[in-house]
Amino acid sequence: MAAERADAARNRRAILRATEELLAEHGLEYVSMERVAAAAGVGKGTVFHRFTNRAGLMTALIEERMRAHNEAFTAGPPPLGPGAPPRERLTAFFDAVITVATKNVALMAAFEESAKHRHGNDLYVSWHKHVSGLIAEARPDLDAEVIAHVLLGSLRSELVAHLLKSEESARLADALRSMVDSLLGQVRRT
């Protein structure tokens, strides 16, 4: 894969920064490709060419936020990265997702609203592969693929958004830990 040209990288950063600022200041309903282009100081065609639509913009922003998280779970130190038992890795994974979501509540809500076909996006696919792999490793008797969809789907509800907005992310993280512990058959120590 060829390296991104300097001007293209600069435009990408400007577009994502403008999108994030418009989203934070005005909400998703105000974010349009035209407004993003104007705020970023680039042509509307540049935004459309690079991101296709608003869902593409939201996905790119989420991927930017999740890049470090994804690197940590694929190659970082345990417990999030390789080397820890599956239950610990799965718990660390959901803890990290909740941490990122808590810091990016408006962006996560916008991503959920704009990205209707999430199962085909690279971020979801990589998360699903990771979660289902850990479940299969710990409990080969379970249908890891479906259970991974259910667990990841639990992060998409209006209730989750409400808990994050109400600053109850600790409760959400604890509930996910309980689900993982129950699923993988280990009793949590408090």
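**View 1. Surroundings of leucine 134.** Setting aside its neighbours within four places in sequence, leucine 134 is in contact (heavy atoms within 4.5 Å) with Pro86, Arg89 and Leu90. Leucine 134 lies in helix α7, where helices (H or I, at least four residues) and strands (E, at least two) are DSSP runs numbered from the N terminus. Because its relative accessibility is 3%, leucine 134 counts as buried, a word that means under 20% relative accessible area, with exposed over 50% and partly exposed in between (1.4 Å probe, protein chains only). Between the C-alpha atoms of leucine 134 and leucine 184, which are 50 residues apart along the chain, the separation is 9.8 Å.

The model shown is predicted, so that local features need pLDDT of at least 70 and side-chain atom pairs count only at pLDDT 80 or more, while totals for chains, interfaces and linings use all residues. Residues are numbered from 1 along each chain as its sequence is written, and side-chain values use heavy atoms, with hydrogens and water left out.

**View 2. The crossing of helices α7 and α8.** Helix α7 (residues 122–138) and helix α8 (residues 144–153) have axes that come within 8 Å and cross at roughly 125°, the axes being lines fitted to C-alpha atoms, for helices over the stretch in contact, with angles running from 0 to 180 degrees between N-to-C directions. That angle makes α7 oblique to α8, since angles under 35 degrees count as roughly parallel, over 145 as roughly antiparallel, 65 to 115 as roughly perpendicular and the rest as oblique. On the side of α7, the residues making the contact include Tyr124, Trp127 and His128, and on the side of α8 they include Ala144, Glu145 and Ile147. The residues of this contact divide into ten nonpolar, three polar and one charged, where Ala, Val, Leu, Ile, Met, Phe, Trp, Tyr, Cys and Pro count as nonpolar, Asp, Glu, Lys and Arg as charged, and the others, Gly among them, as polar.

View 3. Among the buried residues of α1 are Ala8, Arg12, Ile15 and Leu22. Just after α1, glycine 27 takes a positive phi of about 90°.

**View 4. The protein as a whole.** The protein has ten helices and zero strands, and 44% of its 190 residues count as buried.
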